[in-house]
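Here are my notes for you, as promised. Have a look at the structure first, then go through the points one by one.

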Amino acid sequence: MADATIKKKRPVYLDLFRIRLPLPGFVSILHRISGALLFLLLVLFGVYWFAQSLASPESFAALTQMLSTPFFKLVILAALWSYLHHFCAGIRYLLLDMEVGIALEHARASSWAVLAVSLALTAAIGSKLIW
Amino acid sequence: MVKRIVTGAHYGFRDWLMQRITAVVMAVYAPVFLIALYANSPVTYESWKSLFAQTWMQLATFLFLVSLCLHAWVGVRDILMDYIKPVGIRLAMEVLVIIALVGCGGWAVETLWRT
């Protein structure tokens, strides 16, 4: 058994463009990317928007006008997907911590579910929010 | 098997636990917020302001904000520990993250209670 693993050809360097992540690994790196994105959006925009939205009717109007431009619609969509992906993947990790869905096939199925549910919710909430 | 002397230090368990507790708080807040928003729709300045003028919403949002800052701190620190190896640069970035989070958190809480 040990021999078999040693004889297998393994990559000797970590070229990110040649590594094919298994599906749960893909969901995992998206969890990290979406988390980093959420942090940046929170610091760059989120708190400022929250303050603007509540300061006065004028600032609220100015904010909604700004957010209706195509660029900020994209920003909102990115934030929404990040939140929802992070949310769904996070619930998956909480379940994995409790040893729910540990088996490979279940882990794969739940990875697909995370991707699908977060994208579907992004489309559903995004279409309501933006248009 | 590495034998560690556990007294006097913690090995990330507290952060690990914190990450999960704050996650649960935010996971509960998100659908509650969406439902409250939907109940208050259409969203105008008046409905948006009155939503955050309610004490329960202020408290819930406050808990959310505290959880968010703690959660983001653990998460971003994890990322920095993985990718930023020079200690000085990492420390500087960690300090910037703390300043950003405390600043944003303070501003958001102030906004919340000014309403």
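1. A quick term before we start: two residues are in contact when they have heavy atoms within 4.5 Å of each other. Keep in mind, too, that this is a predicted model.

2. Let's begin with one residue, A:Ser82. It sits in helix H4 of chain A, which covers residues 70-97. Leaving aside residues up to four places away in sequence, A:Ser82 touches A:Ser34, A:Leu37 and A:Leu38.

3. Is A:Ser82 buried or exposed? Buried means under 20% relative accessible area, and A:Ser82 has 0% relative accessibility, so it counts as buried. Its side chain reaches the backbone oxygen of A:Ala78 at 2.8 Å.

4. Now for the two chains together. On the chain B side, 32 residues are in contact with 23 residues of chain A. Between them the chains bury about 2,300 Å², with 78% of that on carbon and sulfur atoms.

5. What about charges and polar atoms? There are two salt bridges between chain B and chain A. One of these pairs B:Arg20 with A:Asp97, whose closest N and O atoms are 2.4 Å apart.

6. Which elements of chain B give two or more residues to the side that touches chain A? They are helices H1 (13-39), H2 (45-53), H3 (55-83) and H4 (87-114) of chain B. H3(B) gives the largest share, nine residues. By type, the residues on this side of chain B are 24 nonpolar, four polar and four charged.

How values were computed:
Residues are numbered from 1 along each chain as its sequence is written. Chains are lettered from A and ligands numbered from 1 in the order in which they are written. This is a predicted model: local features need pLDDT of at least 70, side-chain atom pairs count only at pLDDT 80 or more; totals for chains, interfaces and linings use all residues. Side-chain values use heavy atoms; hydrogens and water are left out. Buried area is the accessible area (1.4 Å probe) that two parts lose on being put together, summed over both. A salt bridge is a side-chain nitrogen of Lys or Arg within 4 Å of a carboxyl oxygen of Asp or Glu. Helices (H or I, at least four residues) and strands (E, at least two) are DSSP runs, numbered from the N terminus. Ala, Val, Leu, Ile, Met, Phe, Trp, Tyr, Cys and Pro count as nonpolar, Asp, Glu, Lys and Arg as charged, and the others, Gly among them, as polar. Buried means under 20% relative accessible area, exposed over 50%, partly exposed in between (1.4 Å probe, protein chains only). A polar contact is a pair of N or O atoms within 3.5 Å; within protein, one must be able to donate a hydrogen and the other to accept it, and residues adjacent in sequence count only if both atoms are side-chain atoms.
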